[in-house]
Amino acid sequence: MGRQATRMDVNGKSYARVVDARLTLADFLRHEINLTGTHVGCEHGVCGACTVLVDGRTARSCLMFAVQANGCEVTTVEGLAPDGKLSVLQQAFIDNHGLQCGFCTPGMLMTLTELLRDKPEPSEPEVREALTGNLCRCTGYAGIVAAALDAARRLRDEAEKPGAA
Amino acid sequence: MKPAPFDYHAPRQLKEAAELLAKLPNAKILAGGQSLVPMMNFRYVIVDHLVDLNGLDELRGIMVGDNRLRIGAMTRQRDIETSSDIARHCPLMTEALRHVGHRQTRNRGTIGGSLAHADPAAELPAICAAYDAIIHVASVRGIRQVSFRDLGAGYMATTLAPDEMIAAIDLPIWRRGHGHGFQEFARRQGDFALTGAAALLDIGSDNVVRHATLTLFGVATSPVRVETAEARLIGEPLTSAAIRAAAAAARQIEPISDIHAGGEYRRHLAQVLSLRALNDAAQRAGVEA
């Protein structure tokens, strides 16, 4: 019952599979194409650990079916460091103690990647509001907020550097 | 935490979707999926067929008419939140949307889905109640219009037939310069409202209230218009005493009592939030009451 073809681009690479219609996008990423960076916490849209970008917008991948992503461009946490080089935001997480166990980190990174793209100079309340959809049980959020603000500063500095692309 | 198996249908046209809904047994409509899919993952909802409306471009978009806004049912909450047309003509909606879930859920969630889900604490049904929205309902029998007031049928239930879907929402455009206020109390940003209040005030140059609505949500099975408050305000000069009296009328509701908040606490919130919402609306309409 309910087998269906789906084809999507994930981190710039095309994948085509025939899957159960009930397979969530999160499980597709983890089990069909072995991108296990996307974490699955609550499976009902509360914790935010499974957040990915679908056509450039954050979405909870546990609340989408893989068949719905047919024709979409998906970016996962693996797509933030394509050549193994950490993104500015990822480095800022390390430098500011933005993670401890790391379970929530992929979702945090995707949420903040979208925020910093759309709002290069977020205030601290704006960062905190953006993070309301992602739960962390280790850090108390302080390190994550600091990392986001630090990354925003570094990205602005980079953009202002002469000769910057 | 995985949904039960189902057959998936992705129609491209409204007609096709209506025909699928008319013929498939135990079918459910998938809009943004931000409430339905959790319920499917929990297996509160088990369907044989899922009809996904995300491919229906004709149900997406915001149109500004002479005296009304039309919002396609599949328009994403995030797109309504960031729409300059909505901010200009219906700023109450823009403000309310900041309280709807989180950005990740607003990126997917739709206005039609929110109305069909009919959560008592949801913001978008409250806005539709505040504006006396007209809902366009589509099926193989064509399109019918129903006032938002007649869409609800108790706790998380609507009068929609199983083969019907919401196609669009019409909101009347209030006069430029009208005031709006939106207040919600929740334990955390993005949580379900324990109680919320939405106020609209149209005030004439003589400081007399021409039109007013006061809506509460999170207090009953569906949004509640505080008609006694509205009746007290309309036709009278807007003063701080009038606003206080109107807000006090919000206490007359019989609120629900649950694990999140007792009825008496919700009644208190209803009055306090109504007062703040009406004051915000008065100020935005240019009246220092």
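The C-alpha centres of domain 1 and domain 2 of chain B lie 18 Å apart in this predicted model, where local features need pLDDT of at least 70, side-chain atom pairs count only at pLDDT 80 or more, and totals for chains, interfaces and linings use all residues. Residues are numbered from 1 along each chain as its sequence is written, while chains are lettered from A and ligands numbered from 1 in the order in which they are written.

The domain bounds, which come from an automatic or database domain assignment, are as follows.

| Domain of chain B | Residues |
|---|---|
| domain 1 | 7–55 |
| domain 2 | 57–172 |
| domain 3 | 179–283 |

Helices (H or I, at least four residues) and strands (E, at least two) are DSSP runs, numbered from the N terminus.

In chain B, three strands form an open sheet in the order β1-β3-β2 with parallel pairing, where two strands pair if DSSP finds at least two bridges between them. Because β1 (7–9) and β2 (27–30) of chain B each have a single partner strand and stand at the edges, one side of each is left without a neighbour in the sheet. The twist from one strand to the next averages 25 degrees. Three bridges join β1(B) to β3 (residues 49–52) of chain B in the parallel sense, and B:H9 stands opposite B:V51 in β3(B). Helix α1 (residues 14–23) of chain B lies across β1, β2 and β3 of chain B and runs at about 165 degrees to β3(B); axes are lines fitted to C-alpha atoms, for helices over the stretch in contact, and angles run from 0 to 180 degrees between N-to-C directions.

Elsewhere in chain B, the axes of helix α10 (residues 240–249) and helix α11 (residues 263–284) come within 8 Å and cross at roughly 145 degrees. Residues of α10(B), including B:I243 and B:R244, meet residues of α11(B), among them B:Q271 and B:L275, and by class this contact has seven nonpolar, three polar and one charged residues.

Key:
Contact = placed C-beta atoms within 7 Å. Nonpolar A, V, L, I, M, F, W, Y, C, P; charged D, E, K, R; others polar.
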